[in-house]
Amino acid sequence: MNLVAGKNILVMGVANDRSIAWAIAQSLASHGARLVFTYESERVEERVRKLADTIPNSVILPCNVTSDEDIEKLAGALKEQFGVLHGIVHSIAFARTEELEGLFVNTSRGGFALAHDISAYSLVAVAQKLYPLMTEGGSIMTMTYLGAERAMKNYNVMGIAKAALEASVRYLANDLGQYNIRVNAISAGPIRTLAAKGIKDFNSILKTVEEKAPLRRTTETAEVGDTALFLPSIPRDYRRSDLCRRRVPHCRRL
Ligand code: 0WD
């Protein structure tokens with residue numbers, strides 16, 4: 001089945017083959033999406049290029065989300081090369097390692113601002129510049145974590161940034177719904193990735209999940225990938241679609 005055939009989807013946040021963004025990209029590509037990957041800097045360009053080369057027809061473009069200029073250039077390049085954009089996968093976060101251990105009360109002003117800029121505001125900045133390309137409707141999604149809702153050991157400033165991210169998702173969804181653009185966050189369980197390595201004692205979080213999660217195991221990135229696939233696969237005119245008629249008995253052809 002090709003759930004996203006013919007859709008142009010931007011994937012931001014691939015750092016390596018363990019990245020959640022990479023698992024999402026694989027699910028989207030296996031269902032026919034045309035993908036554009038962004039990379040933060042030359043530091044990761046080669047790695048991202050090698051991964052992107054394994055997906056036919058994919059393109060890679062630079063974008064450091066702390067730079068408005070980069071985001072504007074990205075918007076220009078996407079407009080020129082694709083015209084229409086159907087989806088954005090925002091899978092980006094950053095906080096200084098020293099802010100991801102010990103007491104949250106010790107968070108610095110600079111560390112707080114940096115974590116919020118990269119992990120929360122970047123979604124707003126990207127949505128702002130790219131939603132005009134979503135002329136056929138679309139899906140914007142980001143990645144969050146339980147630490148937004150509960151105080152979790154060592155997650156600290158990232159939990160506050162994720163709370164800001166989740167609130168941004170609600171406000172963006174309210175703004176962009178009128179253009180048939182959905183905005184969602186997926187809250188994944190803890191997964192051992194590069195970003196997770198920065199959280200002190202991450203192994204004990206994984207162990208707790210193995211003991212307490214209903215499935216008694218941690219989440220696989222591929223599971224997050226397939227969950228993410230559902231969002232851009234929703235037809236533009238859902239109420240007129242076969243999907244709606246089949247699954248919702250009271251939903252008649254309008
Ligand atoms: O347990 C986990 N791994 C969870 C992660 C559980 C729940 C949610 N998440 C979230 C993260 O908070 C993040 O929002 O998922 C998202 C993706 O994280 P990931 O896949 O765990 O981590 P990683 O593979 O490191 O990708 C994050 C990437 C960066 O990687 P590095 O490690 O190089 O910092 O975000 C990108 C970068 O590629 N990134 C940026 N991209 C553009 N501009 C920037 C930036 N300024 N900073 C970081």
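## Basis of the model

Helices (H or I, at least four residues) and strands (E, at least two) are DSSP runs, numbered from the N terminus. The structure is a predicted model: local features need pLDDT of at least 70, side-chain atom pairs count only at pLDDT 80 or more, and totals for chains, interfaces and linings use all residues. Residue numbers start from 1 along each chain, as its sequence is written.

## Ligand shell

The shell around the ligand holds 25 residues, and Ser19, Ala93, Met143, Thr193 and Ala195 come nearest. The largest share, 3 residues, comes from α6.

By class, the shell divides into 17 nonpolar, 7 polar and 1 charged. Here Ala, Val, Leu, Ile, Met, Phe, Trp, Tyr, Cys and Pro count as nonpolar, Asp, Glu, Lys and Arg as charged, and the others, Gly among them, as polar.

## Helix α1

Helix α1 is mostly covered, with 10 of its 11 residues buried. A residue is buried if 20 or more other C-beta atoms lie within 10 Å of its own, exposed if 12 or fewer, and partly exposed in between; C-beta atoms are placed from the backbone. The buried residues of α1 include Trp22, Gln26 and Leu28.

The cover over them includes β1 (8-12), β2, α2, β4 (87-90), β5 and α8 (221-233). Contact means that the C-beta atoms of two residues, placed from the backbone, lie within 7 Å. Just after α1, Gly32 has a positive phi of about 90°.

Val48, Leu51 and Ala52 are buried. They lie on the same side of α2 because they cover an arc of only 90° around the axis. The arc is that of the directions from the helix axis to the C-beta atoms. An α-helix has 3.6 residues a turn, so residues three or four places apart point the same way. On the other side of α2, Glu42, Glu46 and Lys50 are exposed. Cover for the buried residues includes α1 (20-30), β2 (34-39) and β3 (59-62).

Pro56 sits in the loop between α2 and β3. Pro56 counts as exposed because it has 8 C-beta neighbours inside 10 Å. Pro56 and Ala29 are 27 residues apart in sequence, yet 8.5 Å apart in space, C-alpha to C-alpha.

## Packing of α3 on α4

Helix α3 (residues 68-81) packs on helix α4 (residues 109-130) at an angle of about 35°, with the axes 9 Å apart. Axes are lines fitted to C-alpha atoms, for helices over the stretch in contact, and angles run from 0 to 180 degrees between N-to-C directions. The crossing is right-handed, that is, the near helix is turned clockwise from the far one by less than a right angle.

From α3, Asp68, Ile71, Glu72, Ala75 and Leu78 meet Ala125, Val126, Lys129 and Leu130 of α4. These contact residues divide into 6 nonpolar, no polar and 3 charged.

Asn156 is not a glycine, yet its phi is positive, near 40°. Asn156 lies in helix α5 (residues 156-176). Asn156 is buried because 27 other C-beta atoms lie within 10 Å.

Asp201 also has a positive phi, of about 60°, without being a glycine. Asp201 lies in the loop between α6 (194-197) and α7 (202-212). Asp201 is exposed because 12 other C-beta atoms lie within 10 Å.

Technical notes:
Near = placed C-beta within 6 Å.
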